[in-house]
Amino acid sequence: QVQLVESGGGSVQAGGSLRLSCAASRYTTSSFCMGWFRQGAGKEREDVAAINYAGTMTSYADSVKGRFTISKDNAKNTLYLQMNSLKPEDTAMYYCAVTKYSYSSVVSGSCTTSYATWGQGTQVTVSS
């Protein structure tokens, strides 16, 4: 059973930066497509960024393109989301997620196959 544990959330002023981390079970980051999605209070889930198993392809939602960067360290089994130039509208619970399939590609900030597992989330609050 894959386990994912997010960390790095917090409160920051607009324009600031945060780096989210997702500690994954062994071999997860090197084997499967992974990504981040977020859900604000009263809002629908929004796929934010994704990276394929090989780390050769990334995809971002238009709302974060140019500000967020997804990356991973397979040796540490950790997925990251570097968030710069944060805006109040980025306020949400952020979740790390993984698919079941290594062949998943990425598009529009998500993996092309459904996420099978996600973590408990980490809260990001951006004040104006």
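**Exercise 1.** In this predicted model, number the bonded cysteines of the chain in sequence order and state which pairing results.

*Solution.* Numbered in that order, the bonded cysteines of the chain show the pairing 1-3, 2-4. To see where this comes from, apply the criterion that two cysteine sulfur atoms must lie within 2.5 Å, by which the count comes to 2 disulfides. One of them joins C22 to C96, with an S to S distance of 2.1 Å, and a disulfide is also formed by C33 and C111, whose sulfur atoms are 2.0 Å apart.

**Exercise 2.** Determine which parts of the chain are tied together by the pair C22 and C96, and whether the link is left-handed or right-handed.

*Solution.* Begin with the angle about the S-S bond, which is -70 degrees for C22 and C96, so that their link is left-handed.

**Exercise 3.** Carry out the analysis for C33 and C111: what is the angle about the S-S bond, and where do the two residues lie?

*Solution.* The angle about the S-S bond is -95 degrees, and the link of C33 and C111 is left-handed. C33 sits in the loop between α1 (28–31) and β4 (34–39), whereas C111 is in strand β11 (residues 110–111), so this pair ties together parts 78 residues apart in sequence. As to accessibility, both C33 and C111 are buried.

Definitions and conventions: Residues numbered from 1 in each chain as written. Predicted model: local features only at pLDDT ≥ 70, side-chain atom pairs only at ≥ 80, totals over all residues. Heavy atoms only, no water. Helix = DSSP H or I, 4+ residues; strand = E, 2+ residues; numbered from the N terminus. Buried < 20%, exposed > 50% of the residue type's maximum accessible area, 1.4 Å probe, protein only.
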